Amino acid sequence: MRDPAIAVTPVAQSPDLGAIQLEVFDANRVTHGIARASVEWVALSRETWNQPLPHVLTDTTGRAVIAGLPPARYAIRVWAIGYDTVTQRVSVKAGKVAQLPVRLRSIACTPVVTARGPVCM
């Protein structure tokens, strides 16, 4: 059963539109897909990361599909907890599915604990 929080768009689409199929992997362990990585996209003709952008999450195998895109060049930004953010560019053509492998490098994460109220030692 698919996790309802994971949004993967079906590839079926109009012949005038294109799609991007992503596979997001750990750069050090290419066989391990990164589940629930966030994926945002914007057409380069209106590239501005300061406004809300459409996004999806990868499935449990690290895959996501973005369908129904007008032909254009897109900037794709991908990130996940414990990994660096990566931005890649890809061209989308009408009636085609562009393949985009994405490798994220793991980073050291230091947990931060914040106490509220009295702390007894």
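In what order do the four strands of the open sheet stand? The order is β4-β3-β6-β7, and the pairing is antiparallel. This is a predicted model, in which local features need pLDDT of at least 70, side-chain atom pairs count only at pLDDT 80 or more, and totals for chains, interfaces and linings use all residues. Residues are numbered from 1 along each chain as its sequence is written, and side-chain values use heavy atoms, with hydrogens and water left out.

**Sheet and strand pairing**

- Strands here are DSSP runs of E with at least two residues, numbered from the N terminus; two of them pair if DSSP finds at least two bridges between them.
- Three bridges join β3 (residues 38–43) to β4 in the antiparallel sense.
- Glu-40 has His-55 in β4 as its bridge partner.
- β1 and β5 also pair in the antiparallel sense, over six bridges.
- Gln-21 stands opposite Val-65 in β5.

**Nonpolar core**

- A nonpolar core is a set of buried Ala, Val, Leu, Ile, Met, Phe, Trp, Tyr and Cys residues joined through side-chain atoms within 4.5 Å. Buried means under 20% relative accessible area, exposed over 50%, and partly exposed in between (1.4 Å probe, protein chains only).
- The largest core holds 24 residues; Ile-20, Leu-22, Tyr-74, Ile-76, Val-78, Val-102 and Leu-104 touch the most other members.
- At least two residues of this core come from each of β1 (18–26), β3, β5, β6 (72–79), β7 and β8 (97–104).
- β8 gives the most, with four residues.
- Beyond four places in sequence, Val-102 touches Leu-22, Glu-23, Val-24, Phe-25, Val-78, Val-86 and Gln-88, where contact means heavy atoms within 4.5 Å.
- Five of the seven residues of β5 are buried, so the rest of the structure largely encloses this strand.

**Salt bridges**

- The whole structure has three salt bridges, each a side-chain nitrogen of Lys or Arg within 4 Å of a carboxyl oxygen of Asp or Glu.
- Glu-23 and Arg-63 meet at 3.1 Å, N to O. Glu-23 is in β1 and Arg-63 in β5, so the pair ties together parts 40 residues apart in sequence.
- Glu-23 is partly exposed at 23% relative accessibility, and Arg-63 is partly exposed at 36%.
- Arg-77 and Glu-40 form a salt bridge with the closest N and O atoms 2.7 Å apart. Arg-77 lies in β6 and Glu-40 in β3, 37 residues apart. Both are buried.
- Arg-29 forms a salt bridge with Asp-26, at 3.9 Å between the closest N and O atoms. Arg-29 is partly exposed at 44%.

**Around Asp-26**

- Asp-26 sits in strand β1 and is buried, at 5% relative accessibility.
- A polar atom of the Asp-26 side chain lies 2.7 Å from the backbone nitrogen of Asn-28.
- Leaving aside neighbours within four places in sequence, Asp-26 is in contact with His-32, Ile-34, Tyr-83 and Leu-104.

**Around Thr-61**

- Thr-61 is in the loop between β4 and β5 (63–69) and is partly exposed, at 36% relative accessibility.
- Its side chain makes polar contacts with the side chains of Asp-59 (2.7 Å) and Arg-63 (3.3 Å). A polar contact is a pair of N or O atoms within 3.5 Å; within protein, one must be able to donate a hydrogen and the other to accept it, and residues adjacent in sequence count only if both atoms are side-chain atoms.
- Thr-61 and Ile-34 are 27 residues apart along the chain, with their C-alpha atoms separated by 6.6 Å.
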